[in-house]
Amino acid sequence: MKADATLDCIGLYCPMPIFHTANKLKELEVGQVLEILADDEGIKVDMPAWCRATGNELLDIEEEAGAYRVYIRKTK
Amino acid sequence: MSEKVTLVVFSGEMDKALSAFSIAIGAASMGMEVTMFFTFWGLNIIKKKEGPIKSRGIMRKMLNFMNRGGSKRLPLSRFHMLGLGKWMMGKLMQDAKSPSLDELMATARGAGVKFIACSTSMGIMGISKEAFIPEVDSVAGVATYLAEAKEGKVNLFI
């Protein structure tokens, strides 16, 4: 998937990935896609929850070799 | 208007403080308005790292001599073992590249989390506002807490 920006959260535990995601998304325009790399397993359920709470769109979560690529589209 | 979250931080232990600040940062990252009310032993978290607080009366003097605060002085709620357990926990956190309590506090402030100190606890224990770190926004009582909590979707006592 093509992303407009990438955020590296490898090695970070909760709550830092969502904190950095929230900050990074502020830099993006509405409609743009942010890619987040993370390896904390909690991200699998935390990112969907964060998107539900903030109204941003979760496009995909890919899992490979213990790490995750999350794609979020900024909606507002 | 954004949703409100209130946290009553009653405990003065490092591990409980870590949980409180993690939740605060998470909530702020979700666009929520977060207020942390520090009361009783929780006031130790927001005290400066200096020596004992000057206060009047022998009992308050004794209390403030024994009950020194500062984020680095907080014990663990379990396995403190005269500081050995805490040292080990700190080491584990460092190895895991997990942020320290000071870093979490700074992050929470940066994310707009409000810090309020309980005036009643301060009065009873003889602690003045000067004893706290400058990040403390205000000193207030239970009515302020309840007014916030009434509008809050998430209200926790830690």
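User: In the loop between which helices does Lys97(B) have its place?

Analyst: The model is predicted, and local features need pLDDT of at least 70, side-chain atom pairs count only at pLDDT 80 or more, while totals for chains, interfaces and linings use all residues. Residues are numbered from 1 along each chain as its sequence is written, while chains are lettered from A and ligands numbered from 1 in the order in which they are written. Helices (H or I, at least four residues) and strands (E, at least two) are DSSP runs numbered from the N terminus. On that numbering, the loop that holds Lys97(B) lies between helix H3 (84-95) and H4 of chain B.

User: Is Lys97(B) buried or exposed?

Analyst: A residue is buried if 20 or more other C-beta atoms, placed from the backbone, lie within 10 Å of its own, exposed if 12 or fewer, and partly exposed in between. Lys97(B) also has a positive phi near 55°, although this residue is not glycine. With 11 other C-beta atoms within 10 Å, Lys97(B) is therefore exposed.

User: How many other C-beta atoms does Phe40(B) have within 10 Å?

Analyst: Phe40(B) belongs to the loop between S2 and helix H2 (58-66) of chain B. Phi is positive here too, near 45°, in a residue other than glycine. Phe40(B) is classed as partly exposed because its count of other C-beta atoms within 10 Å is 16.

User: What is the order of the strands in the sheet of chain B?

Analyst: Two strands pair if DSSP finds at least two bridges between them. Strand S1 (residues 4-9) and strand S2 (residues 33-38) of chain B run parallel and are joined by six bridges, with Val8(B) having Phe37(B) in S2(B) as its bridge partner. The sheet is open, has five strands and pairs in the parallel sense, in the order S4-S3-S2-S1-S5 (chain B).

User: Which strands stand at the edges of this sheet?

Analyst: The twist of the sheet averages 25° from one strand to the next. Each edge strand has a single partner strand, so one side of each is left without a neighbour in the sheet. These edge strands of chain B are S4 (138-140) and S5 (152-157).

User: What is the handedness of the crossing of H1(B) and H4(B)?

Analyst: Axes are lines fitted to C-alpha atoms, for helices over the stretch in contact, and angles run from 0 to 180 degrees between N-to-C directions. Helix H1 (residues 14-29) and helix H4 (residues 101-110) of chain B pack at about 30° with axes 9 Å apart, and they are therefore roughly parallel (under 35 degrees; over 145 counts as roughly antiparallel, 65 to 115 as roughly perpendicular and the rest as oblique). A crossing is left-handed if the near helix is turned anticlockwise from the far one by less than a right angle, and right-handed if clockwise. The crossing of H1(B) and H4(B) is left-handed.

User: Which element gives the largest share of the side of chain A that touches chain B?

Analyst: Residues are in contact if their C-beta atoms, placed from the backbone, lie within 7 Å, and the contact takes eleven residues from chain A and twelve residues from chain B. Helix H1 (16-27) and helix H2 (43-54) of chain A are the elements that give two or more residues to the chain A side. The largest share, four residues, comes from H1(A).

User: How many buried residues does strand S3 of chain A have?

Analyst: Strand S3 (residues 57-64) of chain A pairs with strand S4 (residues 67-73) in the antiparallel sense over seven bridges, and Glu57(A) stands opposite Arg73(A). The hairpin has two residues between the strands, and Ala65(A) takes a positive phi near 50°. S3(A) is hardly covered, and among its eight residues the count of buried residues is zero.

User: Near what value is omega of the peptide bond from Cys14(A) to Pro15(A)?

Analyst: Pro15(A) is found in the loop between strand S1 (5-9) and H1 of chain A. The peptide bond from Cys14(A) to Pro15(A) is cis, with omega near 5°.

Methods
Two residues are in contact if their C-beta atoms, placed from the backbone, lie within 7 Å.
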